[in-house]
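Keep the sequence and the 3D view open as you read.

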Amino acid sequence: MSQRTLVLLKPDAVRRGLIGEIVGRIERKAGWTISALELRALDRETLEQHYAEHVGRPFYEPLLEFMTSGPAVVMVVEGERVIEGVRALAGPTDPIAAAPGSIRGDFGTIVRENLIHASDSEESAEREMKIFFPSHS
Ligand code: RTP
Ligand code: MG
């Protein structure tokens with residue numbers, strides 16, 4: 001079942017020089033294709049849409065501050081079961097709980113600065129692709 005997913009490499013990943021490492025892991029999965037990729041400073045308005053479900057949570061403001069602290073990589077990846085697949089490569093939200101071998105498990109320690117975002121469902125993927133690539137369909 002071919003799908004598309006919206007992936008962000010967060011500002012910590014870019015600052016630490018991990019773009020190639022993380023994109024490489026995604027790129028090497030059989031049959032997956034990167035169909036859009038851009039280094040971009042994310043503005044607050046875009047992030048408010050993206051993280052709307054978290055408004056009011058204690059981590060919301062620090063999260064937006066972090067996400068605007070430097071450029072991010074915005075990507076669309078397509079391929080077989082790619083929504084579940086990129087989240088499996090990423091590992092769970094807390095990098096200390098994430099298994100070694102996963103992106104967060106290999107490179108992260110801080111919950112907020114956990115390197116990567118990937119859509120969590122087909123509905124989220126459609127919604128998030130519209131936010132970050134409004135001119136695509
Ligand atoms: P994501 O949406 O980024 O893939 O991560 P997720 O589903 O694993 O995590 P979610 O619960 O949706 O939270 C979104 C992002 O907010 C930051 N966060 N900080 N307690 C905290 O300080 C906290 N909790 C969440 C993380 O950057 C998380 O990825
Ligand atoms: Mg989430």
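Start with burial: 31% of the 137 residues in the protein chain are buried. Here a residue is buried if 20 or more other C-beta atoms lie within 10 Å of its own, exposed if 12 or fewer, and partly exposed in between, with C-beta atoms placed from the backbone. Bear in mind that this is a predicted model, where local features need pLDDT of at least 70, side-chain atom pairs count only at pLDDT 80 or more, and totals for chains, interfaces and linings use all residues. Residues are numbered from 1 along each chain as its sequence is written, while chains are lettered from A and ligands numbered from 1 in the order in which they are written.

Now the layout. The protein chain has seven helices and four strands, and from the N terminus they come in the order β-α-α-β-α-α-β-α-α-β-α. (Helices, H or I with at least four residues, and strands, E with at least two, are DSSP runs numbered from the N terminus.) Contacts mean C-beta atoms, placed from the backbone, within 7 Å. Of the contacts with a separation of 6 or more, 70% are between residues 24 or more positions apart.

What sits in the middle of the packing? The largest nonpolar core has 28 residues, and Val7, Leu9, Ile22, Val86, Leu115 and Ile116 touch the most other members. Such a core is a set of buried Ala, Val, Leu, Ile, Met, Phe, Trp, Tyr and Cys residues joined through C-beta atoms within 7 Å. Strand β3 gives the largest share, six residues. As for Val7, leave aside its neighbours within four places in sequence and its contacts are Met75, Val77, Val86, Ile116, His117 and Ala118.

Next, have a look at α7. Its buried residues are Ala125, Glu128 and Phe132. They lie on the same side of α7, because they cover an arc of only 75° around the axis, judged by the directions from the helix axis to the C-beta atoms. Glu123 and Glu126, on the other side of α7, are exposed. The buried residues pack against β1 (2-9), α3 (44-50), β3 (72-80) and α5 (82-90).

Not counting residues up to four places away in sequence, Glu122 touches Gln3 and Ile83.

How values were computed. Two residues are in contact if their C-beta atoms, placed from the backbone, lie within 7 Å.
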